[in-house]
Amino acid sequence: MKSLAELAELRKKSLDAINMRDGHAHKRVVVGMATCGIAAGARPVMNAFTEELKKRNINDVTVGMTGCMGMCVLEPMVDVYDENGEKITYVKMNPEKVARVVAEHIVNGQPVTEYTIANENL
Amino acid sequence: MVDLSLHLMDIMQNSVVVGSTFVEVGISAEKSRNLLTIYVKDDGWGMSPETVKRVSDPFYTTRSTRKAGLGIPLLTDAAQMAGGEVHIESEAGRGTTVTATFQIDNIDRKPLGDVAETMTASIMGYPDMEFHLILKNEDTEYVFRTEDVREQIGEVPINDIEIISFIRDMLNEQITLIFGGILNEIIS
Ligand SMILES: Nc1ncnc2c1ncn2[C@@H]1O[C@H](COP(=O)(O)OP(=O)(O)O)[C@@H](O)[C@H]1O
Ligand code: FES
Ligand SMILES: [Mg+2]
């Protein structure tokens, strides 16, 4: 059974990681969490980002959420901002796609164009 | 929405955008009364009686020209389908509590779903707010508060991935522990 006291251990580990990354810009993930996004699976998508980043020991990427992203039919939608604030919008996301976005875009800096909004025939 | 944890996520999203400092989620099972109650409580701006009326009455809503929200009507549907109802208590300037009830054994009651993920996603998205989760099953109760987590982790941000992951595992254990006996009835 997990108890809050165990957090003290994690605190040390996380502090070391924070001290290592201090100062430099980092990537940011923002998941659309409006009613339509939630119904379409946005929460597991957000969780998949967290899990994937944890698996790869990446602790300098923040995962956040926002409300309406403007296109219900393309939900779940995710914006990934790079170190310069440049944004790529991914659409119709799911946890499997997340693994690829983390591996190719977040780790290697190559957006997965197949999943982007630019690839949709709107 | 396929389960109640997604409805909770959605109702919590209302709370986080109205200037709240905390959001409390409660889940209470009373098998003797065949009653499952869930609620989301915040200390945000609240609503005027007029708005409460507008959001809780679907007929009222559809007749207004304003684009109506979907979240509360969807929750109302889910509750009514399972022999329950939705109740909104709100006071401008003080906050809002949205409560939904369900008959536990109603075949149309949606399963509880992944409440731990709903909590951690919300904490991740709004790390400056405080979140509480209160689980009750007859006489057993469990209270989770982000304030207690912060006390342990000091200067480490609560949205740190290791911390979030820990919270999720801990909440899952507690949800199983509290609702264990009737888990299959609540999480169908
Ligand atoms: N916790 C809350 N505090 C204040 N106002 C709320 C709250 N929840 C809902 N409302 C009001 O009710 C409206 C309808 O909510 P909802 O059905 O979830 O649709 P939506 O969030 O898409 O507008 C909101 O737009 C808001 O004006
Ligand atoms: S309501 Fe669906 S994207 Fe805005
Ligand atoms: Mg809403």
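**Entry 1: the largest pocket**

I looked up which element gives the most to the lining of the largest pocket, and it is α1(B), with 5 residues. Before going on, I note that this is a predicted model, in which local features need pLDDT of at least 70 and side-chain atom pairs count only at pLDDT 80 or more, while totals for chains, interfaces and linings use all residues. Residues are numbered from 1 along each chain as its sequence is written, chains are lettered from A and ligands numbered from 1 in the order in which they are written, and side-chain values use heavy atoms, with hydrogens and water left out.

Grid points are joined across faces, edges and corners, and a volume is the space filled by probe spheres set on the points. Elements are DSSP runs numbered from the N terminus, with helices being H or I of at least four residues and strands being E of at least two.

The largest pocket holds about 970 Å³ of space. Its lining has 33 residues, and those nearest its centre are Thr35(A), Asn14(B), Gly69(B), Leu70(B) and Gly71(B). At least two lining residues each come from α2 (35-40) of chain A and from α1, β2, α2 (49-56), α4 and β4 of chain B. I sorted the lining into 17 nonpolar, 12 polar and 4 charged residues, where Ala, Val, Leu, Ile, Met, Phe, Trp, Tyr, Cys and Pro count as nonpolar, Asp, Glu, Lys and Arg as charged, and the others, Gly among them, as polar.

**Entry 2: ligand 1**

Where does ligand 1 sit? I find ligand 1 in the largest pocket, the test being that more than half of its atoms lie within 2 Å of the grid points. There are 13 residues around ligand 1, of which Asn14(B), Asp42(B), Val55(B), Gly69(B) and Ile72(B) come nearest; a residue is near if one of its heavy atoms lies within 4 Å. In this shell α4(B) gives the most, with 3 residues, and the shell divides into 6 nonpolar, 6 polar and 1 charged.

I then listed polar contacts, meaning pairs of N or O atoms within 3.5 Å. A nitrogen atom of ligand 1 lies 2.8 Å from a polar side-chain atom of Asp42(B), and a nitrogen atom of the ligand is 3.4 Å from a side-chain N or O atom of Thr96(B). On the backbone, a polar atom of Gly71(B) is 3.3 Å from an oxygen atom of ligand 1. On its own, ligand 1 has 530 Å² of accessible area, of which the protein covers 74%, by the Shrake-Rupley method with a 1.4 Å probe.

**Entry 3: cavities**

How many cavities of 30 Å³ or more are there? I count 3. The largest cavity has about 70 Å³ of space, and its lining takes in residues of both chains, including Arg43(A), Met46(A), Glu117(B) and Arg168(B). Two or more lining residues come from α3 (42-55) of chain A and from α5 (115-125) and α7 (161-179) of chain B, with α3(A) giving the largest share, 5 residues. This lining divides into 4 nonpolar, 4 polar and 4 charged.

The second largest cavity, of about 50 Å³, is lined by residues of chain B, among them His7(B), Ile38(B), Leu75(B) and Thr99(B). Its lining divides into 8 nonpolar, 2 polar and no charged.

**Entry 4: backbone**

Most residues other than glycine have a negative phi, and most peptide bonds are trans. I therefore looked up departures from this rule. Glu75(A) and Pro76(A) are joined by a cis peptide bond, with omega about -5°, and Pro76(A) is in the loop between β2 (62-66) and β3 (78-81) of chain A. Asn34(B), not a glycine, has a positive phi of about 55° and lies in the loop between β1 (22-30) and β2 of chain B.

Methods:
On a 1 Å grid over the protein atoms alone, a cavity is a set of points where a 1.4 Å probe fits but cannot get out, and a pocket is an open set with protein on both sides within 12 Å along at least five of seven lines; lining residues have an atom within 4 Å of a point. A polar contact is a pair of N or O atoms within 3.5 Å; within protein, one must be able to donate a hydrogen and the other to accept it, and residues adjacent in sequence count only if both atoms are side-chain atoms.
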